[in-house]
Amino acid sequence: MNQDWPAAGLDPVRRMRVLAATTPGVAYAEKLIPAPFDAVWDAASDLEHELPRMVTDLRSFKITSARGERMTARARGRLGQRAGFDVVLRPGWCVMQSRFLVGGMAAVAEEGGTRFAFLGGLRLPGMRLIGPLIRPAARKLALRPISRLEHRLRTR
Amino acid sequence: MAVMTGLPGIDPALVRAAQRGDRIAMAGLMDALAPYVGKLCGPIALQDGPDAAQEALIAILKSLRGLREPAAIYGWARAIAVREAVRVARKAARVVPAELADVPAPGDPQLVTDVRDVLARLTPEHRAVLVLRDLEGLDERAAGALLNVPPATVRTRLFRARRSFRKAWLE
């Protein structure tokens, strides 16, 4: 009988909401992109090419090793900063983390297109305190990479 | 911990890393806990199950630092998930659940055999008792402690809920 009890599923965008709600001070936004899931995720998951387009502070993002859904990457910023990232990437889900930065993307097919979520922020002491203060501005910041991805999909 | 058997093991190192603020570990822990949390929240919150599972995981991860023993994570997550599921279901209050006495008697044409339909006729608190006893195998004392009600209340709720449930189920 147990198999007949109705279980609740948690899609990747809901999981990213959980990560956003439990990571102090991050910028988080989601948006319905009017394009099929495969088209959206094919673009977004091409981290080396697409991530620097979405996050304009980023000059390059190079995958340095990959094993299953786990990867490592080396990022360079516009000002020459460098950071090593641990990455988890699978269909509809990506989380990236360096010593000082955290990022994430999630996507799920929805009526009218694809719901796409973006998360980004600093991993620093004190973010718990300033997080609530910067939340409205942070949402606008997180919408920009999504808008850039959406624009790319339209002009491809 | 006997009731926890059958669940996939969670590496204590993953829990410790998540407690230190490692977001990849936190996401991994969420992957590990999501099926279990969804299994508990679904029958209690029904159509609001995904909202309840989301809120439960937020509550679980936010208070993760308070978990002293990683091996206790399933029992700890269960307590939070059941409380969140009842809270979300009550808040949503999409329909006012029927009193148990209103559950159709056997032979009533209204009677349905679908588990979801039967659950929908119970209050969130009754559904929580059923989940803890019939799905999770807790005794009255443990279920009562988790729901903040005396064991006798659990026994009464369970007897009535189970009877209604089984009548419908067996029909």
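I looked up B:L7 and found it partly exposed, because 15 C-beta neighbours lie inside 10 Å. Here buried is 20 or more other C-beta atoms within 10 Å, exposed is 12 or fewer, and partly exposed is in between, with C-beta atoms placed from the backbone.

The model is predicted: local features need pLDDT of at least 70, side-chain atom pairs need 80 or more, and totals for chains, interfaces and linings use all residues. Residues are numbered from 1 along each chain as its sequence is written, while chains are lettered from A and ligands numbered from 1 in the order written.

I placed B:L7 in the segment before α1 (12-19) of chain B. Helices (H or I, at least four residues) and strands (E, at least two) are DSSP runs, numbered from the N terminus. Leaving out residues up to four places away in sequence, B:L7 touches B:Y36 and B:Y74. Contact means C-beta atoms, placed from the backbone, within 7 Å.

Next I turned to chain A. Its seven strands form an open, antiparallel sheet, ordered β1-β7-β6-β5-β4-β3-β2. β1 (27-33) and β2 (58-67) of chain A stand at the edges with a single partner strand each, so one side of each has no neighbour in the sheet. Strands pair if DSSP finds at least two bridges between them.

I checked one pair. β4 (residues 82-90) and β5 (residues 93-97) of chain A are antiparallel over five bridges. A:D86 has A:Q97 of β5(A) as its bridge partner.

Last, I looked for helices on the sheet. α3 (residues 47-54) of chain A lies across β2 and β3 (70-77) of chain A. From chain B, helix α2 (residues 23-45) lies across β4, β5 and β6 (101-110) of chain A.

Technical notes:
Contact = placed C-beta atoms within 7 Å. Axes fitted to C-alpha atoms, helices over the stretch in contact; angles between N-to-C directions.
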